[in-house]
Amino acid sequence: MTNTRMSSILYPFLLAALVLNCRCDERMLHVVYMGDLPKGGDLSVSSAHHTMLQTVLGSASSAKESLVYSYERSFNGFAAKLTVNEATRIAQMEGVVSVNPSRKLKLHTTRSWDFMRFSGANLGPGHEGHVIIGLLDTGVWPEHPSFNDTGFGPPPRKWKGTCQSTTNFPCNNKLIGARYYNSDNTYGDNEIPSPRDTEGHGTHTATTAGGVELPGTSFLGLAEGVARGGAPGARIAVYKVCWASGCGDADIIKAFDDAIADGVDIISVSLGSEYLLDYFQDPIAIGSFHAMKNGILTSNSAGNAGPDPVTVANFSPWTLTVAASTIDRKFVANLVLGNGQIFTGISINTFDLNGNSYPLIWGGDAVNYSGGYSQDDAKLCSQETMNADMAVGKIVLCEALTDGSTILLANGVGTVMSDQDYVNPDYAFSYPLPATLISPDDAKKVIEYIKSTRYPEATILIGETWKDPMGPTVVSFSSRGPNPISSDILKPDITAPGVDILAGWSPLSPTSVYENDTRGLYFNVMSGTSMSCPHAAAAAAYVKSVHPDWSPAAIKSAIMTTAYAMDPRRNPDKEFAYGSGHINPTGAVDPGLVFDASAADYINLLCKQGYNITTLRLVTGDNSTCANTAIGRALDFNYPILSLYVEDGEEITGTFTRTVTNVGPPDSTYTATWQTPSLISATVEPSVLEFSTVGERKSFTVTVVGPAITQQPIVSGAVTWSDGRRSVRTPVVVYNYFRGAPYTIESEDYSNST
């Protein structure tokens, strides 16, 4: 890997490609990242930013007008409106790590805690009130009952944040801080220049992470029970960076800058880029790196681009990357035909037709012939293709997954959907009218009934929740690994509940897939790695509350090594889908041993990968960075997963060096056991570790060998250390790789996405 991977060098080439498609005299928002805060000096950071802009733009007034943000509380950089040529000049200035156009990132859109056997009785010591979870999202609805502060004392003394609003936005001793960022300074019709949530997403993630207990909660009668966050005693601080148009890079980095300085303990980020970005081009990787340096673990979502491989959106080694898995509940709604046949569909259907039957038609029989459409068009039930008059008062079978609006606006009673791309879906949607999604095979039977019956009729029953014995499995949409940049660091790290999750909602946001659904509710059921991310953030907050002095890497290790092992027979992508396994918050507070790592260790990892030394020294503020590090594999990086990529045609061989720290009883003896597939063999040396004190560190090696492999799917096993009570499990993963593969730094796809 060469030094040209750093964007300060890449930027002129990137701009050359952009010039063909841009008006180069137009000023656009750019993010200028300059690494760590400077040490000493008389000039303030913001003044230095202003001077740089003045040098390029030619006047103090132009510099002031251009500058949008100064990042000066936790790290160094700024956001400014620049032309392509101006951005190029700044990229060449001393002290600049990277310059990038500010892109738009996307959101990765009760019972889940009980499913993990993590109930209120397990919450242990009452230290959660000292832990602050910061969420970068769409804000929150502050009056939501999940943020009731009854029983909460004042915020911790370390808190330095604020409750920012130009409109009425009440914070309290539960919801202790709120900020909003909108560098575009543009707002949609229903958006409010305030931390107030109009999308629903941020309220959902915040209440999942830290909402108080609310008995008798449901989604219009479905999934009734006690709604609560995983850390109901924790404080919440929100940083609204996402709007209807997306989440701006410049805003995300500023939110990290503030959250770190405000004093949060855990950061939850349920969003990510649609493109492959290098670490110091990615606003989440940049912000979370400086959070890690300040003792803050960032939990972020893996992305919703699965099940294709190499789709994981957040993969920096210093974050906790969270996949999404099912729980033991699924939402179903039955279709009952006039002849008594019953078909079970997947849907969150809150509408009750009281068992009454209505005329049933096939969308293909309601053609808008005057518009020039055919049956093949109309069967998909798009608005322009159908004769709306024929849907009035009827249930319509559509051969496509839709939002139901065509039938709703035509005054239809309900819709039955079927889609070749959604066969046996593992997640459900809610709709603005009675609806259910059945399989294509069942749809054929329904069409046969319609065509063979003079007066076909049907009803859609109100939804039910069924026990799903297959849970947990990683959901189909959850993005998969491997890691596209650091191949020896497997991603995702962990999986957590992210399917059909009931949590808080903004009453200004639609509660179904139909954007004009006007039912204003305080709770909603959602799916996505956006939902799994705050589950992991809450688990991290819980561990932090019990072990306030643990580093981000130690907390991350505890969550990963105590995870429930997943069944690879149900998850053929294995660790590429679920990482270490399914989170187990109760076990994570007493892991026995942890794989710790410091900021210096992460920097050393980047040195080994060939990152530009001058750039890394700017990032760290340390001129000794990379002084004694040779470029090579990262098999000695102290990560809780042992991941070995093998180039096509090479033999399997690798020796991992790991160091564990005793965080259990002082006099402890751990013995290693390991299991590997027949393709590989492993040895652990030493196989017994004896500790006499808490905090004592011991090292061991794991050597993995096997034959030459080509086109080999992922194979995996595990090494487990046990003292008879605690088990510290580290997956061992081997996979094939070849230079220029779609997920490698050398590939054309990577260059194009950058």
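The torsion about the S-S bond of Cys607 and Cys626 is about -80°, so this disulfide is left-handed. A disulfide here is a pair of cysteine sulfur atoms within 2.5 Å, and by that rule the count comes to four. Please keep in mind that this is a predicted model, where local features need pLDDT of at least 70, side-chain atom pairs count only at pLDDT 80 or more, and totals for chains, interfaces and linings use all residues. Residues are numbered from 1 along each chain as its sequence is written, and side-chain values use heavy atoms, with hydrogens and water left out.

**Disulfides**

- Between Cys607 and Cys626 the S to S distance is 1.8 Å.
- Cys607 lies in helix 16 (residues 599-608) and Cys626 in the loop between helix 17 (613-620) and strand 29 (642-647), so the pair ties together parts that are 19 residues apart in sequence; helices (H or I, at least four residues) and strands (E, at least two) are DSSP runs, numbered from the N terminus.
- Cys607 and Cys626 are both buried, meaning under 20% relative accessible area, with exposed being over 50% and partly exposed in between (1.4 Å probe, protein chains only).
- Cys381 is joined to Cys398, with S to S at 2.1 Å, and this link is left-handed, with -90° about the S-S bond.
- Because Cys381 sits in the loop between helix 9 (375-378) and strand 20 (395-398), and Cys398 in strand 20, this pair ties together parts 17 residues apart in sequence.
- Cys242 and Cys247 also form a disulfide, S to S 2.1 Å; this link is right-handed, with 110° about the S-S bond.
- Counting bonded cysteines along the chain, the pattern is 1-2, 3-4, 5-6, 7-8.
- Cys533 is in no disulfide, and the nearest cysteine sulfur, that of Cys242, is 12 Å away.
- Cys533 is buried, with a relative accessible area of 0%.

**Helices**

- Helix 2 (residues 45-57) packs against helix 4 (residues 84-91) at an angle of about 125°, with the axes 10 Å apart; axes are lines fitted to C-alpha atoms, for helices over the stretch in contact, and angles run from 0 to 180 degrees between N-to-C directions.
- On the helix 2 side, the contact (heavy atoms within 4.5 Å) is made by Met52, Leu53, Thr55, Val56 and Leu57, and on the helix 4 side by Glu86, Arg89 and Ile90.
- Helix 6 (residues 201-210) is mostly covered, with ten of its ten residues buried, among them His201 and His204.
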